[in-house]
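Open the model in your viewer and switch to a cartoon view.

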Amino acid sequence: MAQMTALKPEDIKRAAAELKEQRPAYIKMLEFYQAVFVAQEESKKNIDIAPIQISDELLEIKSGRDLPLIDPAGFMIDTEAAGKLCLAICDIAKTANPHLAQSAQKLLDAINRGIDLTSAFTHLLQANHAQIDRTAKQLDIEYNVLIFFLYNSINPCLRLGAEQLSVYLERQDPWQQGYCPICGSPPVLSVLEDEGQRFLICSFCWHTWSAKRGLCPFCDQHDKTSIGYFFSEEEKEYRVYTCDTCKKYTKTIDTVKADRLIYPPLEQLVTLHLDMQASQKGYQSGLPGFDLTPIK
Ligand SMILES: [Zn+2]
Ligand SMILES: [Zn+2]
């Protein structure tokens, strides 16, 4: 299927405009993230990274063991493009809430002083919490906020890398797992299309893959007695599937019921209340926090 995370800037703006009308409580957040997502699309056009090569032999081994094509640390980053995007996102953030604006200014000052952004991007790819925490303390920026800037700056490189790698998936048997076939990360969202097809979207590289309905992507559980769901009458397009085996949950959008242009990264943001409800019911997010975890 076409990757639903690949929309043109004008379509991202259209999707955001429709959501703003429907969910006025999220207007400020939508405006901010819309600008970030549009900047990412603009940046993606200028990225220059060589496709990662995987030999037939390695591909066969990975396929036989249900292993993803690469580890997140294996993604290539165009540090020039990611650095420029980081500056652009800092500029956008300067118009956001005072806390984020202040952090953006601190990061800009550090970039102007010559901070080693390339290493910071690498630490994020390697999920090196300790090192990112050290950098955050040095810059006097909150840890989650630093992750936000770093992740969103490299996101277009990750997506392009995933697109380049996806040609290998065409040579493999259909992927049946709940983790991303490209990078092994957990899904951020599940999407139902017409005729009941279900897709999962990777929280890290945004790759979209087909998945069985009724599967908990976090523990591979299909048992109907473990999988439940909740939804609200006012928001029929959203459902939250819960798993009593691993106590995790999956937010799901039904595109037929939504009847509007869907850009999943925006949907992830306007469903934060569902994350809160899931948490109140005793379920945890399956996301590691190095991904599309929004900040307010
Ligand atoms: Zn992925
Ligand atoms: Zn589970």
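This is a predicted model: local features need pLDDT of at least 70, side-chain atom pairs count only at pLDDT 80 or more; totals for chains, interfaces and linings use all residues.

**Stop 1**

Six of them form an open sheet, in the order 3-2-1-6-5-4, with mixed pairing. Strand 3 and strand 4 stand at the edges, and each has a single partner strand, so one side of each is left without a neighbour in the sheet. From one strand to the next, the twist averages 30°.

**Stop 1: strand 1**

Now select strand 1, residues 187–192.

Look at its partners. Strand 1 runs antiparallel to strand 2, and five bridges join them. Show V191 and find F199, its bridge partner in strand 2. Then turn to strand 6, residues 249–254, which pairs with strand 1 in the parallel sense over three bridges. Here L192 stands opposite D254 of strand 6.

Follow the chain from strand 1 into strand 2. The two form a hairpin with five residues between the strands. Select E195 in that hairpin: its phi is positive, near 65°.

**Stop 2: strands 2 and 3**

Select strand 2, residues 198–202. Four bridges join strand 2 to strand 3, and the two run antiparallel. L200 stands opposite W209 in strand 3.

This is another hairpin, with five residues between strand 2 and strand 3. Pick W206 in the turn, where phi is positive at about 65°.

**Stop 3**

Distant parts of the chain are linked here: C180 sits in the loop between helix 8 (143–169) and strand 1, while C202 is in strand 2, 22 residues apart.

**Stop 4: zinc ion, ligand 2**

Move to ligand 2. The protein donors of this zinc ion (ligand 2) are C216, C219, C243 and C246. Each contributes SG, lying 2.3 Å from the ion. Why is the arrangement around the zinc ion (ligand 2) tetrahedral? The four donor atoms subtend angles of 105 to 113°, which makes it so.

The sequence spacing of the donors of the zinc ion (ligand 2) is C-x2-C-x23-C-x2-C. C216 lies in the loop between strand 3 (208–211) and strand 4 (227–232), and C243 is in strand 5 (residues 235–243), so the pair ties together parts that are 27 residues apart in sequence. Are C216 and C243 buried or exposed? Both are buried.

**Stop 5: strands 4 and 5**

C243 has already brought you to strand 5. Five bridges join strand 4 to strand 5, and they run antiparallel. Show Y229 together with Y241, its bridge partner in strand 5.

**Stop 6: helix 2**

Helix 2 is mostly covered, with 13 of its 18 residues buried.

**Stop 7: two loop residues**

Finish with two backbone details. Select A127 in the loop between helix 6 (117–125) and helix 7 (129–139). Phi of A127 is near 50°, a positive value in a residue other than glycine. A127 is partly exposed, with a relative accessible area of 36%.

Then select D259, in the loop between helix 9 (255–258) and helix 10 (264–269). D259 is not a glycine, yet it has a positive phi of about 50°. Is D259 buried or exposed? With a relative accessible area of 67%, D259 is exposed.

Key: Residues are numbered from 1 along each chain as its sequence is written. Chains are lettered from A and ligands numbered from 1 in the order in which they are written. Side-chain values use heavy atoms; hydrogens and water are left out. Donors are N, O and S atoms within 2.8 Å of the metal (3.2 Å for Na, K and Ca); water is not among the atoms, so sites may look incomplete. Four donors count as tetrahedral if all angles lie between 85 and 135 degrees; four count as square planar and six as octahedral if opposite donors are over 155 degrees apart and all others between 65 and 115; anything else is irregular. Buried means under 20% relative accessible area, exposed over 50%, partly exposed in between (1.4 Å probe, protein chains only). Two strands pair if DSSP finds at least two bridges between them. Axes are lines fitted to C-alpha atoms, for helices over the stretch in contact, and angles run from 0 to 180 degrees between N-to-C directions.
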